[in-house]
Amino acid sequence: MAGRKLTILPLIRKIELIEVVESGKKQKIVAEEFQIPANSVSTIMKRKDHYREQFYSGQVDVNKQRARLANHDDVEAEPLRWLLPLLKNFVGKNG
């Protein structure tokens, strides 16, 4: 079965899409411009507050297609806290 091509927009493109729709352009025309289905535009508009919160919080890389936030910041920061002192004291092969 030949499926349709899935298009996942990065966060920055979703914010652009929201601004274009809010400027008064019809969702169908915006969908054609962004080369996504019209129902995807509708879904993005329903979740626009969520996307704006992610965008302005700075917790998410705006160019990534999927936002993955840390569930346990303290646990994920611990390996970095362990690794940084090792990297500072690292002496290369050539001395």
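**Entry: a surface patch.** I began with the nonpolar patch on the surface, formed by Leu-80, Trp-82, Leu-83, Leu-84, Leu-86 and Leu-87, with about 620 Å² of accessible area together. Patch members have over 30% relative accessible area and no salt bridge; nonpolar side chains (Val, Leu, Ile, Met, Phe, Trp, Tyr) are joined within 5 Å, and like charges within 9 Å. A salt bridge here is a side-chain nitrogen of Lys or Arg within 4 Å of a carboxyl oxygen of Asp or Glu. The areas come from the Shrake-Rupley method with a 1.4 Å probe, and for residues only the protein chains shown count as cover.

**Entry: what I am looking at.** I noted that this is a predicted model, where local features need pLDDT of at least 70, side-chain atom pairs count only at pLDDT 80 or more, and totals for chains, interfaces and linings use all residues. Residues are numbered from 1 along each chain as its sequence is written, and side-chain values use heavy atoms, with hydrogens and water left out.

**Entry: Leu-87.** I found Leu-87 in helix H5, residues 73-88. Is Leu-87 buried or exposed? Leu-87 is exposed, because its relative accessible area is 52% (exposed means over 50%, buried under 20%, partly exposed in between, with a 1.4 Å probe and protein chains only).

**Entry: the whole chain.** I counted 5 helices and 0 strands in the protein chain, in the order α-α-α-α-α along the sequence. Helices (H or I, at least four residues) and strands (E, at least two) are DSSP runs, numbered from the N terminus. Of the 95 residues, 19% count as buried.

**Entry: the largest pocket.** I looked up its volume, which is about 320 Å³. A pocket is an open set of points on a 1 Å grid over the protein atoms alone, where a 1.4 Å probe fits, with protein on both sides within 12 Å along at least five of seven lines; lining residues have an atom within 4 Å of a point. The lining has 14 residues, and Thr-7, Ile-8, Leu-9, Ser-40 and Ile-44 lie nearest the centre. Helix H3 (residues 38-46) gives the most to this lining, with 4 residues.

**Entry: two more residues.** I found Leu-6 in the segment before helix H1 (11-22). Leu-6 is exposed, because its relative accessible area is 64%. Leu-6 and Pro-37 are 31 residues apart in sequence and 9.5 Å apart in space, C-alpha to C-alpha. Val-21 is in helix H1, and I list Val-21 as buried because its relative accessible area is 12%.

Notes:
Points joined across faces, edges and corners; volume = space filled by probe spheres on them.
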